[in-house]
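Reader: I have the sequence and the model open side by side, and I would like to know what stands behind the labels. Could you walk me through them?

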Amino acid sequence: MNARGAGPALRVAVFGLTVTLVGYALLVAWLAGNAYVNDRARDHYREHRAYATGLILRDAPTPGDEVRVRWTDNRFHSHVQRFVPAAESYPYSTYMTFALEYDPTEKNPSARPYSQGKFGPAPLDEDDLVGSAVIAALVVVALCAAWARRGLTFRLAARRPGRPMTADVRIGTRARSFHWQAARTPWLVLDDRHWQRVMWHPALAEHWDGTSVTVQGDRTAVAVLPDGTRLVPVGRLRHREPARLTFTHVRTAPAHAWRRQAWPATAYGTVFGFAAGFWLGDGTLLAVVGHTLAFATLSTALWALWAPEL
């Protein structure tokens, strides 16, 4: 790529690839971290839970009466404790069994009545986690492949013989667009009959209608400006004016930092991802943060790939 043409387009490509790789790396790390923490919590719960069957030593016919229970832990140490069970569980008679649970890691464990239906932290669905990671990997591959294809197309077209044409620079504005789509994208009108979308370069603001350019490539056109700047094409060369776009002239180069334009796309993806955590997920912290990371990354990466006016 010509040095004059590489700078702005390369910066956007590096930005888009960095967002893609870092964003989805954070997503996978979030999923893996939650799986690890959940496994550790379940292991801890199992390590600190043991069950015993005690023997009632005295009748307790009335709700509120203390129930004396003898039980033996896993070290064969005998214990006698008093409990006041739930009122609906009375009456209790001598020599009835009494279900208990205790922490076997304690030196002198103290039991408590067994709580039926409590099994510790719920296990995460490993299939869902693996599926989410695979989908994230596929998205990363698709986005990286799109950038690689754009660079390869530019390289191949730039090797083709050039032919002289005139170029008018236009900015296409999309009336209704998603926030991950750039609302304003640069175009070249070649010989008043061919249309080629290109990645933004400040040199575009320095050339007026009727600029003589050298065009390389057939299906995709690489335009070389008089100062030697090669413009990176986006998509194929069109032979009719694109629909749903309003075209205006380029007057001056944008003065603001181009990265600021990514924030609306990032914010849109963040809000949509947060809502999707409840809509598509189960509303847990794992689902909400995961969906937010995924959609914020996707929205920002697509914005960069869409080749905005910078």
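Author: Gladly. Let me begin with contact, which means heavy atoms within 4.5 Å. By that rule, Phe119 is in contact with Tyr45 and Tyr114, leaving aside its neighbours within four places in sequence. Please keep in mind that this is a predicted model.

Reader: Why is Phe119 called exposed?

Author: The cut-off for exposed is over 50% relative accessible area. Phe119 has 59% relative accessibility, so Phe119 counts as exposed. You will find Phe119 in the loop between β5 (112-113) and α2. Phe119 and Arg46 are 73 residues apart along the chain, with 8.9 Å between their C-alpha atoms.

Reader: What makes Thr20 buried?

Author: Buried means under 20% relative accessible area. Thr20 has 1% relative accessibility, and therefore counts as buried. Thr20 has its place in helix α1.

Reader: Which residues does Thr20 touch, not counting residues up to four places away in sequence?

Author: Those are Val140, Leu143, Thr297 and Ala301. Val140 and Leu143 are also among the buried residues of α2. In space, Thr20 and Cys144 are 8.1 Å apart, C-alpha to C-alpha, while in sequence they are 124 residues apart.

Reader: How do you know that the side chain of Thr20 has a polar contact with the backbone oxygen of Gly16?

Author: A polar contact needs a pair of N or O atoms within 3.5 Å, one able to donate a hydrogen and the other to accept it. A polar atom of the Thr20 side chain lies 2.8 Å from the backbone oxygen of Gly16. That distance is within the cut-off, so the pair counts as a polar contact.

Reader: And Glu101, why is that residue called buried?

Author: The relative accessible area of Glu101 is 7%, so Glu101 is buried by the under 20% rule. Glu101 is found in strand β4 (residues 97-102). Not counting residues up to four places away in sequence, Glu101 touches Arg49, Ala50 and Tyr51, as well as Ala111, Arg112, Pro113, Tyr114 and Ser115.

Reader: How do you know that the span of α2 is close to the expected one?

Author: The expected span is 1.5 Å times one less than the number of residues. α2 has 33 residues, for which 48 Å is expected, and the helix reaches 48 Å from its first C-alpha to its last.

Reader: What is found at the start of α2?

Author: There, a side-chain oxygen of Asp125 comes to within 3.0 Å of the backbone nitrogen of Asp127. Further buried residues of this helix include Leu129, Ala136, Trp147, Arg150 and Phe154.

Reader: What makes a residue part of the lining of the largest pocket?

Author: A lining residue has an atom within 4 Å of a pocket point. For the largest pocket, 22 residues line the space, with Leu31, Asp128, Ser132, Ala287 and His291 nearest its centre. The volume is about 620 Å³. α1 (3-47), α2 (126-158) and α4 (285-305) each supply at least two lining residues, and α4 has the largest share, with seven. By class, the lining has 13 nonpolar, six polar and three charged residues.

Reader: How much space lies in the second largest pocket?

Author: The second largest pocket holds about 460 Å³. Of its 18 lining residues, Arg149, Thr153, Arg219, Thr220 and Gly235 are the closest to its centre. α2 gives the most to this lining, with eight residues. The classes here are eight nonpolar, four polar and six charged.

Methods
Residues are numbered from 1 along each chain as its sequence is written. This is a predicted model: local features need pLDDT of at least 70, side-chain atom pairs count only at pLDDT 80 or more; totals for chains, interfaces and linings use all residues. Side-chain values use heavy atoms; hydrogens and water are left out. On a 1 Å grid over the protein atoms alone, a cavity is a set of points where a 1.4 Å probe fits but cannot get out, and a pocket is an open set with protein on both sides within 12 Å along at least five of seven lines; lining residues have an atom within 4 Å of a point. Grid points are joined across faces, edges and corners, and a volume is the space filled by probe spheres set on the points. Helices (H or I, at least four residues) and strands (E, at least two) are DSSP runs, numbered from the N terminus. Ala, Val, Leu, Ile, Met, Phe, Trp, Tyr, Cys and Pro count as nonpolar, Asp, Glu, Lys and Arg as charged, and the others, Gly among them, as polar. Buried means under 20% relative accessible area, exposed over 50%, partly exposed in between (1.4 Å probe, protein chains only).
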